[in-house]
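These notes are meant for a colleague opening this entry for the first time. Please read them alongside the model.

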Amino acid sequence: MSVSLTFQDGTAILTIENPPLNLISAEVRAGLLRAMAEVTAQGAKRLVITGAGTVFVAGADANEFGRPPVAPPLNDVLAGLAALPIQTIAAINGTALGGGLEIALACQSRIAAPAAQLGLPEVTLGLIPGAGGTQRLPRLVGIKAALEMIVEGKAISAAKALAIGLVDLVANDPMATALTFDAPAVIADQRPAPSADSEAVEAMHAQIKRRLAGQIAPAMAIDLVSSSAALPLAEGLAQERAAFLALRASPQAAALRHVFFAERAAANRGRDYPKPLHPMTTAIVVGGGNMGASIAYALAVAGLKVTVVERDAAAAGRAEANLNKLVDQGVSRGSLSAPEGLAVQSRLRGLVGYTALPPADLAIEAAFEDMGVKQAIFAELEAALPAQTILATNTSYLDVNILASGLKNPSRCLGLHFFSPAHIMKLLEIVKGDATSPQTLGAAFAMARRLGKVPVVSGVCDGFIGNRILLRYRQEANRLLVEGAAPDQVDAAMRGFGMAMGPFEAQDMSGLDIAYANIKRQGGAGVPLVERLVEDHQRLGRKSGAGWYDYDAGGRAAGSAVVADVIRATSEGLHLTRRSFAAETIVERITLSMIAEACAILDEGIAGRPQDIDLVMVHGYGFPRWRGGLMHHADSLGNLLDRYSALAESEPQGWAVPPLLRRLADRGQLLASLN
């Protein structure tokens, strides 16, 4: 039974028991209705609702979201709860999210454990709270605080909940406290409407335009919360329910659910490999530049003792400065308390050379992209460290098999491709070499879980999954330039699609010298625009004040006559007739090029499933989460064969129908069938 009911001295104790997270399923909703009817029949004077174990209710069962609604709906259940003529108390013993918090909002009073987390994260799934959250929460905490919780979708602590008026008490034992708690009985749905707050509403609309552009649910949530100041509760609840049902059936909600379940699957993928015999406690990072320091800092924050190795004293000093800066930033931004910052710093130490390396569970080289340099580092690490130490490379492109080939035991070698900045970006590509053992992969997954990363296994190829697709993305963007588009047109089109940045502004940010080095390493790739900008004009991006754009002293970008001349000259050299492009055409050309490369990656077995590619693109490259990732987006387009056939007919040298898509079409299947 998912809901139990007991009686104690006139108090009814209703416990939600749907382990491990007490999610709200159809059975739980029906159980709540039955229990409330029994409470009324027994004439109880007080009802206390809590959750079994250490969780109150962690939200709705997301598996139900893709299916037709099953009665009774939670909003009807909570209308009955809010109307009960007896004292109702939520004893929030742990996490209360989504519908779980809405249950608590429908009670007269709320008592939370100190460790409880409370939130309404529905917008992260393309939804809004659908059982009273947008109407009952602002009546308790006001418009501004309600907007922050609902639109940002982040949980708050019990202490913060007490400060804003969301809970009445914080107690070590919420249930024991609830049994004797005696507050003035105010029927939950007779609370007065909040005061209007146009300033907070306007500020939140401005915020979502910057941070959540293209998403539907956040703006709807703002409007509903705002309406709570003017509408009668019943009318506000009706509007909320209608909006929830509309969003639930929307493509954005389907896309965000897809990413949610893909993330859950990725977190569980480590079960496919042997569990490490003991947790990692020590690590070595070779190279204390921006990337190496960021990796070392992330490991230290996760509790590992980390030794950062540099080649000489000067480099070691720069590495120490980088590490101290990261710790200071963590404290100043509030991600670390001052004592935590000191603890992280105590777990970091620098070392020059390899002669005095301490034993370590893991060693990661984070030197620059040069095969000879990395092979030399691996040789030093193998000679200095125990045979069981995992040896990892953070290379973005290079062949992990070649790096491992010089080792006596290549089974302990793999790629751990962190994304910059490594302590913030959630993606971790785990690159499996031909000799990488299952035990090594199991340890890598355990480390990813400890660091809070989204792990995706990649096979070995140039650029692995993400950078290989990124190369194709940039090649097609460059091709559009020589055919007649301008850099700012392409950037604007891709931002309009939902990318965090366009390809050219992003490349200016990372540096054209990095792109140039990769192009040279690969022997040239695509139209030679980057080569001309770097070799002929020394335009390296923001770092030099000139890249695809010109930059003034304040860092503001403007179109460049030099770049325009280089593009026109390259077009003429390729004998191309320039034309204008609509934003929709730019987006289609670029996304289809990326999809084609992703299909090749799947066909070659570099990625195991389409959802892995979706996670790489969302978490590593700014692909809009609300589009579900690249492969989910591909399935949503429809007529892919016709689109590729039309491009192949007009430009047979650059386009063809991806064989994988043709095979799937012959079977009447989508890419999602491969998940």
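Which helix gives the most to the lining of the largest cavity? The answer is in point 2, after a word on the model.

1. Basis. This is a predicted model, in which local features need pLDDT of at least 70 and side-chain atom pairs count only at pLDDT 80 or more, while totals for chains, interfaces and linings use all residues. Residues are numbered from 1 along each chain as its sequence is written, and side-chain values use heavy atoms, with hydrogens and water left out.

2. The cavity. The structure holds one cavity of 30 Å³ or more, and the space in this largest cavity comes to about 40 Å³. A cavity here is a set of points, on a 1 Å grid over the protein atoms alone, where a 1.4 Å probe fits but cannot get out; lining residues have an atom within 4 Å of a point. Grid points are joined across faces, edges and corners, and a volume is the space filled by probe spheres set on the points. The lining consists of Leu14, Leu32, Met36, Ile49, Val77, Leu78, Leu81 and Ile103. Helix 1 (26-42) and helix 2 are the elements that give two or more residues. Helix 2 gives the most, with three residues. Helices (H or I, at least four residues) and strands (E, at least two) are DSSP runs, numbered from the N terminus.

3. Nonpolar covers Ala, Val, Leu, Ile, Met, Phe, Trp, Tyr, Cys and Pro; charged covers Asp, Glu, Lys and Arg; the others, Gly among them, count as polar.

4. The second largest pocket. Its volume is about 790 Å³. Of the 36 residues that line this pocket, Gly59, Ala60, Asp61, Phe65 and Leu125 are the closest to its centre. A pocket is an open set of grid points with protein on both sides within 12 Å along at least five of seven lines. Helix 2 (74-82), helix 3 (99-105), helix 10 (233-248) and helix 11 (251-268) each supply at least two lining residues. The lining divides into 20 nonpolar, six polar and 10 charged residues.

5. Six strands form an open sheet with mixed pairing, in the order 1-2-3-5-7-10. Its edge strands are strand 1 (3-8) and strand 10 (169-170), each pairing on one side only. Two strands pair if DSSP finds at least two bridges between them. Strand 1 and strand 2 (residues 11-16) are antiparallel and share six bridges; within this pair, Thr6 has Ile13 in strand 2 as its bridge partner.

6. Strands 11 and 12. Five bridges join strand 11 (residues 282-286) to strand 12, and the two run parallel. Ile284 has Thr307 in strand 12 as its bridge partner, and Thr282 has Lys305. The chain passes from strand 11 through helix 12 (residues 290-301) to strand 12 in a right-handed β-α-β crossover, meaning that, with the strands pointing away from the viewer, the path from the first strand over the helix to the second runs clockwise. In strand 12 (residues 305-310), five of six residues are buried; in strand 11, four of five are. Buried means under 20% relative accessible area, exposed over 50%, and partly exposed in between (1.4 Å probe, protein chains only).

7. Strand 12 pairs in the parallel sense with strand 13 (residues 348-352) over five bridges, and Val309 stands opposite Leu351 in strand 13. Strand 11 pairs, also parallel, with strand 14 over four bridges; here Ile284 stands opposite Ala363 in strand 14.

8. Asp361. Is Asp361 buried or exposed? Asp361 counts as buried because its relative accessibility is 17%. Its place is in the loop between strand 13 and strand 14 (362-365). The C-alpha atoms of Asp361 and Pro279 are separated by 8.8 Å, although the two are 82 residues apart along the chain.
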